[in-house]
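Let's take a friendly walk through a protein model together. Have a look at the picture first, and then we will go through it step by step.

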Amino acid sequence: MTRLNLAESSLLDISGELGENARRRLHRHLAVKPGAAVKYRDLQQAYGRLKSLPGPMLTPVEELLATAPDAFG
């Protein structure tokens, strides 16, 4: 597994988007490669920090559209 594939696969797994077969392959790889497991944990922590950030503020127009989508659709 290349570094790029490790990072991509790890992020897809952490976000719940990695397929089951690829997930099994990734976790087998992590079990035998301690450096890869450390990188995975680092990505997990970074992903957790990013998910805890607040979302962007809506503009007044976006807020109006979000509360009454059928009025303009």
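Which side chain does Arg-23 meet in a salt bridge? Turn the model until you find Asp-13: the side chains of Arg-23 and Asp-13 come together there, with N and O 3.0 Å apart. Keep in mind as you look that this is a predicted model. The pair ties together distant parts of the chain, since Arg-23 belongs to helix 2 and Asp-13 to helix 1, which covers residues 3-14.

In total, the structure holds two salt bridges. The other pair to look for is Glu-20 with Arg-24, where the closest N and O atoms are 3.6 Å apart. Both residues sit in helix 2, and because they are four residues apart, about one helical turn separates them. Glu-20 is partly exposed at 47% relative accessibility, and Arg-24 is partly exposed too, at 42%.

Now let's follow helix 2 to its neighbor. Helix 2 spans residues 20-32 and packs against helix 3, residues 34-51, at an angle of about 120°, with the two axes 5 Å apart. That angle is why helix 2 is described as oblique to helix 3. As helix 2 passes helix 3, the crossing is left-handed. On the helix 2 side, the contact is made by Leu-26, His-27, His-29, Leu-30 and Val-32. Helix 3 contributes Pro-34, Ala-36, Ala-37 and Tyr-40. What classes of residue make up this contact? Seven are nonpolar and two are polar, while no charged residues take part.

Finally, step back to see the whole chain. The protein has five helices and zero strands, so reading from the N terminus the elements run α-α-α-α-α.

Conventions:
Residues are numbered from 1 along each chain as its sequence is written. This is a predicted model: local features need pLDDT of at least 70, side-chain atom pairs count only at pLDDT 80 or more; totals for chains, interfaces and linings use all residues. Side-chain values use heavy atoms; hydrogens and water are left out. Axes are lines fitted to C-alpha atoms, for helices over the stretch in contact, and angles run from 0 to 180 degrees between N-to-C directions. Helices (H or I, at least four residues) and strands (E, at least two) are DSSP runs, numbered from the N terminus. Angles under 35 degrees count as roughly parallel, over 145 as roughly antiparallel, 65 to 115 as roughly perpendicular and the rest as oblique. A crossing is left-handed if the near helix is turned anticlockwise from the far one by less than a right angle, and right-handed if clockwise. Contact means heavy atoms within 4.5 Å. Ala, Val, Leu, Ile, Met, Phe, Trp, Tyr, Cys and Pro count as nonpolar, Asp, Glu, Lys and Arg as charged, and the others, Gly among them, as polar. A salt bridge is a side-chain nitrogen of Lys or Arg within 4 Å of a carboxyl oxygen of Asp or Glu. Buried means under 20% relative accessible area, exposed over 50%, partly exposed in between (1.4 Å probe, protein chains only).
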